[in-house]
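Let's take a friendly walk through this fold, one piece at a time. Keep the sequence and the 3D view open as you read.

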Amino acid sequence: MKHNKRNRSKKLLAYALCFCILCTMGILSEQTIIHAVETIQPSLDMSNAALSQTSVTGYLVPTYTYGSRTQYGNAEFDIALQNPIVLSDNTPGVNLSCKSSNKNVQADASLTKNILHLRVHGTKTCSTKLTVSIGGKNFQITVSLITVKISANSLLVAKGKTKKLKINGCPNKNIKWSSSNKKIASVNKKGVIKAKRIGNAVITAKINGKPVGCAVSVTTRQLQNVCKRATYIGTHWSYSQARRAQEGFYDCSSLVWKAYTQYTGLNFGSSSYPGTSASESAWCRDNNKMISGGYSYRKVEKMQLNPGDLIFKSTNLGNPYNTTYHVEMFTGYTCLGYNSKGKPVVTSLWASRAPGYGAANGSLLARPTR
């Protein structure tokens, strides 16, 4: 043993002498020494490494919903790497990769201080096996993905009534409910909405911190029926100006007249025959039913329109009443998703038009009854 120590000492002394001679001769420089130190890497022993979890379940929450089209976000997981060595992506010797056994599921991984971060994306309920390689050692993780769906993205609720929203695919204990305006519509921990005041709000359910929402319009029972009737006519009856007054047919102004006359008795000045968009706009003007400033996308964005409101299109906004050619009934809002700041994004719904339909800023906007 003493002999081995003496040999090592001799070798170290020889290396030191060699080093001094090379430095004196200018063969080695300070830069060379630094470079040599930088390129030395410690060996990485992963033999005892293990993951705290090898099976996880995640929820795919919608990030965008339009009609039947839904886009989903990622399911995210943090799994501890049980190893006394603190590892991160930039630890020397760590090569990190992640592969999915399901071609319809994509995944990527990162590592920070022994915490493995996984982001997994899919489009439907399914499972996959991930093979995560860390520093040359493979780990198997079974991932179950469950798509989440809210029972409605849009609701009309009569003042004083309640309505329950459901989240399909996720236990209620994982959901946190909230309202953008509790004075208009509140919601309890079971997703039961209470309609308190005329107006609009967005009800949000957060699943593991990720939001999905429903735009709620609180209105009167009369206007709720007007909007439902107008939407039914606009989506089930046939458009015909020639037969507009007949059952099963409509044009823009007769749709408004038929829905309002049936449920409110309001007939825009004619009890027997539907008028035109021009005569309906004139009636709203003469009866002080116009909304100041007219239509604007900003009013839609701020949810300032109410179900039953009418938008009148004109060929000349400088002389709108004499150039009105179309009327459309607003029937509520739908929640499309949430922006990068977590604020809900809504768009308008119409009796006989696709969501998001609109008009030029300043077009006539009326509220025939409240």
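Two strands count as paired here if DSSP finds at least two bridges between them. With that in hand, strand E9 (residues 126–134) and strand E10 (residues 137–147) make an antiparallel pair with nine bridges. What you see is a predicted model, so please read every value below as computed from that prediction.

## The chain as a whole

The protein chain holds six helices and 25 strands. Of its 370 residues, 42% count as buried. The accessible surface comes to about 20400 Å², and carbon and sulfur atoms account for 50% of that.

Contacts across the sequence are worth a look too. Among contacts between residues at least 6 apart in sequence, 58% join residues at least 24 apart.

## The sheet E2-E10-E9-E6

Back to the pair we began with. E9 and E10 belong to an open sheet of four strands, in the order E2-E10-E9-E6, with mixed pairing. Its edge strands are E2 (55–60) and E6 (96–100), each of which pairs on one side only. On average, neighbouring strands of this sheet are turned by 30 degrees against each other, direction ignored.

## A second hairpin: E3 and E4

Strand E3 (residues 62–66) pairs with strand E4 (residues 69–72) in the antiparallel sense, over four bridges. To find your place in the pair, look for tyrosine 64, whose bridge partner in E4 is glutamine 71. E3 and E4 also form a hairpin with two residues between them. Glycine 67 sits in the turn, with a positive phi of about 65 degrees.

## The sheet E12-E19-E18-E15

Another open sheet has four strands in the order E12-E19-E18-E15, again with mixed pairing. Strand E12 (154–158) and E15 stand at the edges with a single partner strand each, so one side of each is left without a neighbour in the sheet. From one strand to the next, the twist averages 25 degrees.

Inside this sheet, strand E18 (residues 199–207) and strand E19 (residues 210–219) pair in the antiparallel sense over nine bridges. Threonine 204 has glycine 213 in E19 as its bridge partner. Helix H3 (residues 221–236) packs on the sheet, touching E12 and E19, and its direction makes about 140 degrees with that of E12.

## Helix H3

The buried residues of H3 are Leu223, Gln224, Val226, Cys227, Arg229, Ala230, Ile233 and Gly234. They pack against E12 and E19, and also against strand E21 (249–250), helix H4 (252–264) and strand E23 (324–338).

Serine 179 lies in strand E15 (residues 175–179). Is this serine buried or exposed? Its relative accessible area is 15%, so serine 179 is buried, since the cut-off for buried is under 20%. The side chain of serine 179 reaches the backbone nitrogen of asparagine 181 at 3.1 Å and the backbone oxygen of alanine 185 at 2.5 Å. Leaving aside residues up to four places away in sequence, serine 179 touches Ala185, Ser186, Val187, Ala201, Val202 and Ile203.

Cysteine 170 is found in the loop between strand E14 (167–168) and E15. This cysteine counts as buried because its relative accessibility is 9%. Leaving aside residues up to four places away in sequence, cysteine 170 touches Tyr59, Val148, Ile175 and Ile207. How far apart in space are cysteine 170 and glycine 58? They are 112 residues apart in sequence and 9.6 Å apart in space, C-alpha to C-alpha.

Technical notes. Residues are numbered from 1 along each chain as its sequence is written. This is a predicted model: local features need pLDDT of at least 70, side-chain atom pairs count only at pLDDT 80 or more; totals for chains, interfaces and linings use all residues. Side-chain values use heavy atoms; hydrogens and water are left out. Buried means under 20% relative accessible area, exposed over 50%, partly exposed in between (1.4 Å probe, protein chains only). A polar contact is a pair of N or O atoms within 3.5 Å; within protein, one must be able to donate a hydrogen and the other to accept it, and residues adjacent in sequence count only if both atoms are side-chain atoms. Contact means heavy atoms within 4.5 Å. Axes are lines fitted to C-alpha atoms, for helices over the stretch in contact, and angles run from 0 to 180 degrees between N-to-C directions. Accessible areas come from the Shrake-Rupley method with a 1.4 Å probe; for residues, only the protein chains shown count as cover.
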